Amino acid sequence: MSHPDDLLVAVAAMVESDQDSQMSLTVVIPGAVITGRLAPEALWRERVAEVLRDSARLTHFALPFREAGGDGDPSRPSHLHFHVARILQGSYGIPETGGMYRVALADVSAWTVGDIGYADQLA
C-alpha cells in the first residue's frame, strides 16, 4: 500500500498514546503474515534493547534502541511495533516463542484485529 489505511493508523496512534496498551493484530505485508500484539514504540524499543544487552556478542547494538525514538507525530505513526509476534508459515507460527517486528504501515495490504491461531495448537 502506498498510502497507509487511515483506520489502521488511528489504531496505531491509540496504542502509541496509551503506553500500557497491547492489542492483538494480524497484518499482511509483502511476503509474510504477521500476528501478535501491537505495542507502543517505546516499549518495543526497550524490549529489543534488553534482548540485545543480554547477548555477549550483540550488546553494543542495544544503543540505537535505547535512544529516543518516535521523532514523528505520535498521532500519525509510520510503523507498527509487534511484541510476542509470529510470522505465519503454513500451519506454524515462527518463532515459536514470538518475536519483535517493526512493520511500515505503508507496507500493510490487509489487516484484522486479533491474533490468528495455529493449526498445531488446535490439536
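Is R102 buried, partly exposed or exposed? In this predicted model, R102 is partly exposed, with a relative accessible area of 39%, a value that lies between the limits of under 20% for buried and over 50% for exposed.

- Five strands, in the order β4-β3-β2-β1-β5, form an open sheet with antiparallel pairing.
- Because β4 (92-104) and β5 (110-113) stand at the edges and each has a single partner strand, one side of each is left without a neighbour in the sheet.
- On average, and with direction ignored, neighbouring strands of this sheet are turned by 30 degrees against each other.
- Strand β3 (residues 79-89) is joined to β4 by eight bridges, and Q89 has Y92 in β4 as its bridge partner.
- Helix α2 (residues 41-53) packs on the sheet, where it touches β3 and β4, and its direction makes about 125 degrees with that of β4.

- R45 forms a salt bridge with E41, with the closest N and O atoms 3.0 Å apart; both residues lie in helix α2, four residues apart, and both are buried.
- R102 also forms a salt bridge with E41, with the closest N and O atoms 3.3 Å apart, and since R102 lies in strand β4 and E41 in helix α2, the pair ties together parts that are 61 residues apart in sequence.
- Through shared partners, salt bridges join E41, R45 and R102 into one network.

**The pair of R76 and D6**

- R76 forms a salt bridge with D6, the closest N and O atoms being 3.6 Å apart, and this pair links the loop between α3 (62-66) and β3 to helix α1 (residues 6-17).
- R76 is partly exposed, with a relative accessible area of 42%, and D6 is partly exposed, with 45%.

Technical notes
Residues are numbered from 1 along each chain as its sequence is written. This is a predicted model: local features need pLDDT of at least 70, side-chain atom pairs count only at pLDDT 80 or more; totals for chains, interfaces and linings use all residues. Side-chain values use heavy atoms; hydrogens and water are left out. Two strands pair if DSSP finds at least two bridges between them. Helices (H or I, at least four residues) and strands (E, at least two) are DSSP runs, numbered from the N terminus. Axes are lines fitted to C-alpha atoms, for helices over the stretch in contact, and angles run from 0 to 180 degrees between N-to-C directions. Contact means heavy atoms within 4.5 Å. A salt bridge is a side-chain nitrogen of Lys or Arg within 4 Å of a carboxyl oxygen of Asp or Glu. Buried means under 20% relative accessible area, exposed over 50%, partly exposed in between (1.4 Å probe, protein chains only).
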